[in-house]
Amino acid sequence: MAQLKGRVTIPTDSNMKEEIKKVIDTWGADALRDCDGTKLSQDIVDLGVKLYSTYLTVRSDQQWARENQDELQQLYLMSEPVISKSEELEISILKGYYGKQFRIDTVHDEKEWWEVIDRTTGKIISTDNWSFNKEKGIVKVKNILPWHEYTVNFLVYMIWDPTQMYNHITNDWGDKSHEMPYDCRQPKTNKHVKEALKKWMEENPEVNVVRFTTFFYHFTLCFNEVAKEKFVDWFGYSSSVSPLALKQFEEEKGYKLRSEHIVDKGYYNSPFRVPSKEFKDYVDFQSKYVAGLAKELVDICHQNGKEAMMFLGDNWIGTEPYGKYFPSIGLDAVVGSVGNGATMRMIADIPGVKYTEGRFLPYFFPDVFNETGDPVGEARQNWLQARRAILRKPLDRIGYGGYLGLAVKFPEFVKQVENICDEFRNIHETIKETKAYTAPFKVGVLNCWGKLRSWQTNQVAHALWYKEIYSYIGIIECLSGMPVDVEFISFDDILENGIPTDLGVIINAGDAYTAWSGGEYWKNPKILSTVREWVTNGGGFIGVGEPTAIHHENRFFQLADVLGVDKEVGFSLSTRKYNELEPYHFITEEIGEASIDFGEGMKGVFGTGDNYQVIRKDFGNEACLNNKFRGDTTFAVNTYGKGRSVYFAGFPYSPQNCRLLLRAIYWAVNKEEDMKNWYVTNIYTECAAFLEVNKMAVINNTEEERTTDVYMNGENVKTLTLAPMEIKWLDIN
């Protein structure tokens with residue numbers, strides 16, 4: 001039985017009243033939620049806990065969807081590229097897509113809304129030179145150039161909601177009907193969704209919290225012809241378009257969008273793309289509309305005495321929680337999936353809501369809860385990674401999703417979650433809503449998106465691992481549990497307002513030409529001058545991967561002078577580079593000469609200038625190893641006026657890298673002597689000091705026993721031994 005009660009939400013399942021009662025008691029849960037495909041039955045209602053009910057704004061009424069298929073949601077797709085072999089070409093535009101997910105829009109005039117583009121030249125093909133066969137789904141193009149590449153930007157209707165499709169496939173729902181999402185911007189549907197919600201309120205008086213999943217437009221998720229994911233962008237707006245939306249955009253913004261502004265050469269404005277003015281305007285336009293309509297639905301909830309909660313996922317497009325319109329919605333709460341510390345902070349830091357809630361992993365789905373799955377291991381790792389961030393900014397509530405009937409078949413998992421729930425409540429009970437100590441300076445993360453994408457940098461899909469990005473996500477993941485306040489700033493912020501005065505360190509991390517590194521912004525003289533002056537006067541700069549990178553004039557890293565490193569791209573091979581290895585530094589004191597995980601790393605980086613120190617190299621092969629000047633620089637430091645810089649070739653998340661980054665931050669800002677105010681020496685442990693309640697938490701971030709020295713107010717006060725995964729609370733006095 002749980003020692004403390006509350007702050008925990010659990011999922012229901014069918015015909016499980018007794019099992020649910022037992023789990024409520026064991027986990028100390030005070031709320032129940034339904035799941036996709038289940039409903040809150042009367043026996044569950046009678047349990048006397050708070051009830052969440054999922055509300056699917058745009059797919060709960062499938063009769064409406066079937067009867068109004070001209071008001072289904074739409075999106076722009078780009079056909080698979082085809083090479084012409086003559087002056088005429090036929091393009092089957094849905095080839096490569098899943099036919100059960102999309103239906104080509106034959107309602108609106110294709111000559112007005114579609115574009116055929118010569119991708120070899122980038123030119124638009126005149127509408128006089130192509131035609132569309134509606135029956136065959138083929139665009140025929142004439143008077144074109146042989147051996148050029150051609151694509152079609154075209155509109156489709158969404159005839160299967162992507163989330164329901166994913167759940168359908170994952171849970172093997174067989175003949176269960178496919179649900180179609182409708183578009184709330186359309187006049188009839190707009191009125192219908194509000195009336196439907198009012199009716200639902202009357203029919204479900206027992207519900208306490210309406211859990212909108214989410215509001216209107218799904219992130220971009222397209223499947224290929226064999227029902228596998230083809231394109232997924234958790235930030236994608238391409239599923240929120242329609243001729244009506246584009247007409248209203250023109251009225252509001254004063255200019256007309258092309259289909260290409262959405263399709264974006266087939267990149268669909270991925271967050272890795274440096275955003276165009278047109279796309280930023282569209283995000284603003286859509287967010288303003290969504291916030292306004294969402295507020296109407298939230299008001300209906302409040303008028304009926306119910307709380308309104310938004311799930312941060314699925315149909316969340318237009319409700320970006322760090323956008324300027326989000327607070328106006330008036331939500332009571334936001335709930336989201338906690339994949340790691342960064343996603344925990346993404347939820348917990350959201351402004352403008354009364355409370356936040358996190359769905360921990362694993363979801364109770366059969367892909368994990370089976371004979372070969374490891375739900376206990378996944379739960380432990382999820383908690384360890386999230387807990388360090390919780391100590392910095394705790395969620396108000398936690399919970400789990402999926403089908404409870406699967407979870408209760410694994411008693412060790414039930415016990416593990418019991419421990420997690422107790423520990424979570426104990427953290428709240430101990431810190432009493434106070435904030436952990438943080439450094440007397442802020443760390444700024446600089447990219448093209450800034451505040452809008454707080455805690456969401458370098459992500460392809462929500463908390464999913466990709467080989468090409470884990471080297472960068474590690475920076476954000478490490479920061480999520482560090483004793484520093486983090487601010488996300490954009491290049492536009494610097495151009496308009498300069499660098500915030502309370503920043504001590506700026507971090508720029510990402511591949512060249514991406515929105516996270518900065519691309520074309522690094523050719524702007526004002527950006528370069530502003531950062532150079534700031535570092536010269538004492539600021540710290542940390543670059544990861546290809547920071548400040550774009551080839552221009554005589555540099556690839558445009559701030560090579562600040563960083564003390566540049567990257568060889570083949571143009572200066574004739575210039576000799578004499579980089580000797582000097583592996584000892586303040587940053588590496590706790591790991592000595594041990595190897596460091598730089599992830600995918602970075603080839604061709606070399607030291608430059610008069611004040612750099614190369615701390616680590618990747619020698620790559622025996623020829624490099626036998627020459628002390630050869631090898632790629634993977635870790636270097638530099639001094640620049642009164643300021644300092646640090647370069648890492650990559651930075652995956654690990655306990656060791658967390659400690660390296662913490663030491664790098666304090667070194668870069670010239671405050672090494674302040675680092676051990678509240679500190680533990682074992683790199684597999686961390687601490688958080690809550691000065692207002694005279695408590696200090698020391699956590700073991702591993703599943704092994706660890707011993708560590710503890711510093712308080714800069715003095716070594718004791719040595720602690722921590723059991724696997726343990727958290728110990730110390731009295732500061």
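Biologist: How many disulfides does a search of the whole structure find?

Modeller: This is a predicted model, in which local features need pLDDT of at least 70, side-chain atom pairs count only at pLDDT 80 or more, and totals for chains, interfaces and linings use all residues. Residues are numbered from 1 along each chain as its sequence is written, and side-chain values use heavy atoms, with hydrogens and water left out. The sulfur of Cys658 lies 3.3 Å from the closest cysteine sulfur, that of Cys478, which is too far for a bond, since a disulfide is a pair of cysteine sulfur atoms within 2.5 Å. Over the whole structure, the number of disulfides found is 0.

Biologist: Is Cys658 buried or exposed?

Modeller: Buried means under 20% relative accessible area, exposed over 50%, and partly exposed in between, with a 1.4 Å probe and protein chains only. The relative accessibility of Cys658 is 4%, so Cys658 counts as buried.

Biologist: At what angle do helix α11 and helix α13 pack?

Modeller: Helices are DSSP runs (H or I, at least four residues), numbered from the N terminus, and their axes are lines fitted to C-alpha atoms over the stretch in contact, with angles running from 0 to 180 degrees between N-to-C directions. The axes of α11 (residues 375–390) and α13 (residues 411–431) are 9 Å apart. Because angles under 35 degrees count as roughly parallel, α11 is roughly parallel to α13, at an angle of about 10 degrees.

Methods:
Helix = DSSP H or I, 4+ residues; strand = E, 2+ residues; numbered from the N terminus. Parallel < 35°, antiparallel > 145°, perpendicular 65-115°, else oblique.
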